[in-house]
Amino acid sequence: MATETLTLGKALNLGLRRALEQDPKVIIMGEDVGKLGGVFRITDGLQKDFGENRIIDTPLAESGIIGTAIGLAIRGYRPICEIQFDGFVYPAYDQIVSQVAKMHYRSQGKVKLPIVIRIPFGGGIGAVEHHSESPEAYFSHTAGLKVVSCASPQDAYAMIQQAVTSDDPIVFLEPKRRYYEKGPVEIDAPLADAYPLHATRLVRAGRDATVLAYGPMVRTALDAATAAEEDGRDLEVFDLRSLSPLDLRPVYDSVRRTGRCVVVHEAPGNLGLGAELAARITEECFYSLEAPVLRVTGYDTPYPAARVEEEYLPNLDRVLDGVDRTFGW
Amino acid sequence: MARGDGGATTRGKRAAPRTQKRGTTGTGDPNLVQLLTPEGERIDSATGPDGTEYRVDFTDEEYRGLYRDLVLVRKLDAEATALQRQGELGIWASLLGQEAAQVGSGRALRTQDMAFPTYREHGVLYCRGIDPIMPLGLFRGVDQGGWDPNEFKFNMYTIVIGAQTLHATGYAMGITMDGRIGGDEGEAVIAYFGDGATSQGDVNEAFVWAGVFNSPIVFFCQNNQYAISEPLERQTRVPLYQRAAGFGFPGVRVDGNDVLASYAVTRHALDNARNGQGPTLIEAYTYRMGAHTTTDDPTRYRIASEVEAWRAKDPLARVKAFLEKQQIGDESFFAEIDEQAKQEALHLRERVLAMPDPQPSTIFDHVYAHGSPLVDAEREQAARYLESFEGSAH
């Protein structure tokens, strides 16, 4: 089986290429996705090989991108929409939460909208405002949408293809600060054998505390686990992968063993995904917990100027501080 | 039903009954395409702002069919309004006054054309052959509109103003990508919206997209003069049909109370679209005679004399006058149609009253195509909770 070392961005590109090859109804639409190959080059070379009818440079209007994708999906296409940056998704928010999310329900299953909405999300790249946001809670709160985030090149490659074949609309969050990190990718493995799209994955086994992360924070959590070894603490780390629906059965098992749980995400803590995780874990694991489920998150401020974003984002030290707090309870 | 040669034709199968040479309107607006005056006088042909000549050529049976449609649509709408007043519907959005715009445009669609409505297109829905009870489930609160859009080529009602214009545009892009442009078999899309919707970003984005991709779509704006209480002056400073020029496609204003002109203009625009000539914006100039929905009181925001002026332009009365003048319809014909409408309304009423409430478990159905463990767990939890009442005082 061919294994290649690819960046996460290149793995996405290859995954999109596979999806386009597999099904002629798959199309990509967005701003600058054609000749330029996207501002992050995730669609690099695709228009050249698949043509302007399948890789569509759209007018500069996000609601239009999602709204027309709905019509194309009703027509039988499987659109992959690229939103250029997280902070630009809000003009399309109404179409996503009011239309994309609800049409299957309203039509009692007669209208399927197999739409993938790709959003490069999160901070850490020194960008100006509106380019570093974490909008996952907005979408995870909306029934009818599924929300996933990849953290490794292997997952990026498989998950994007799985998302495209799903008949449910999927918000696909790409950790933009990890686009250039490399890892092994099995490029010939059948999609059917890939890790399930909505399954949480154990990425590091450990005994002493459970750390939950997704997207860009998985790398940070793993680094923290390595560093924690020096303190004699053996951390178990999960990559949630699916934010909606959540797959928490392996997490519950873990927390029942470790008795401690720390949730890490870049998004603000208030009403963020960590709140949901803490509540559910508390309900399920109450008698096993040695400490409350703790959160290490971005602050409840607008995303700050780039020169102070390292203070805002959970980093290795802040994750370790969270681990210290759970042991200090 | 009406299937006459539509749109802009140069020759008719037979000479249309005519009482007036080429003309425009009784209102003196040279840009309002009209083929039947409020007094029931036929106008042979009318010219649109871009020089397109519009005419229709219907058989007597087709004229009678159009009249039948108008009467039935009005009667069913009145029945729904009555049902709401009696507490059988939560709310109703009446089309009273807009029958001609809807029947004219609805009958202009070919079988293969796709329509994207708002929540008021009961007349178009009727023309698409959908059981008129279907939207009543939505307004009664027993479902959210359950017909199959693909079967009837008529999408679900859309309540968020203007959102459907983008869906329609995307669908139209798909027609082009499928190579289904050209000839009588070609497909076209029609998107319905109101004057208020023209202020929405989505409608303007739909115009941009449709223009840029030269999509086979007709934007059919029923300008009924009010967005709930806000008059047209709160939406625009220019006539709405003129907006199209800025997006690079033709715009035309038609007398929306004239079923013949609405048919002709729509048929022509749809044929243009299906033949690869891109979008058209049609502004059907009409008037909502009743409330926006049964929850508002139009006497708070408009004056009686205005309503009366529009009553004189009634879309049904003018067709009836025309049929009488041309001796296409007689007393017994009108009586027969009235009786048919009455029976259908009664039938509708009986069926609405018999509509069962959905089972509580249906709340959880069809949230996702592939299901969700979260929703499944909640379904079971809710079922257990409800079962716990078995045999109790509840």
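In which sense do strand 4 and strand 5 of chain B pair, and over how many bridges? Strand 4 (residues 114-116) of chain B runs parallel to strand 5 of chain B, and the two are joined over three bridges; strands count as paired if DSSP finds at least two bridges between them. This is a predicted model, in which local features need pLDDT of at least 70, side-chain atom pairs count only at pLDDT 80 or more, and totals for chains, interfaces and linings use all residues. Residues are numbered from 1 along each chain as its sequence is written, while chains are lettered from A in the order in which they are written, and side-chain values use heavy atoms, without hydrogens and water.

Let us stay with strand 5 of chain B. Ile190(B) in this strand is the bridge partner of Ala115(B). Strand 5 also pairs in the parallel sense with strand 6 (residues 217-223) of chain B, over six bridges, and there Val189(B) has Ile217(B) as its bridge partner. Five of the six residues of strand 5 (residues 189-194) are buried, that is, under 20% relative accessible area with a 1.4 Å probe, counting protein chains only.

Now to chain A, whose secondary structure comprises 12 helices and 14 strands; these are DSSP runs, with helices (H or I) of at least four residues and strands (E) of at least two, numbered from the N terminus. Buried residues account for 62% of its 329 residues. The C-alpha trace of chain A spans about 60 × 45 × 40 Å along its principal axes.

How values were computed. Buried < 20%, exposed > 50% of the residue type's maximum accessible area, 1.4 Å probe, protein only.
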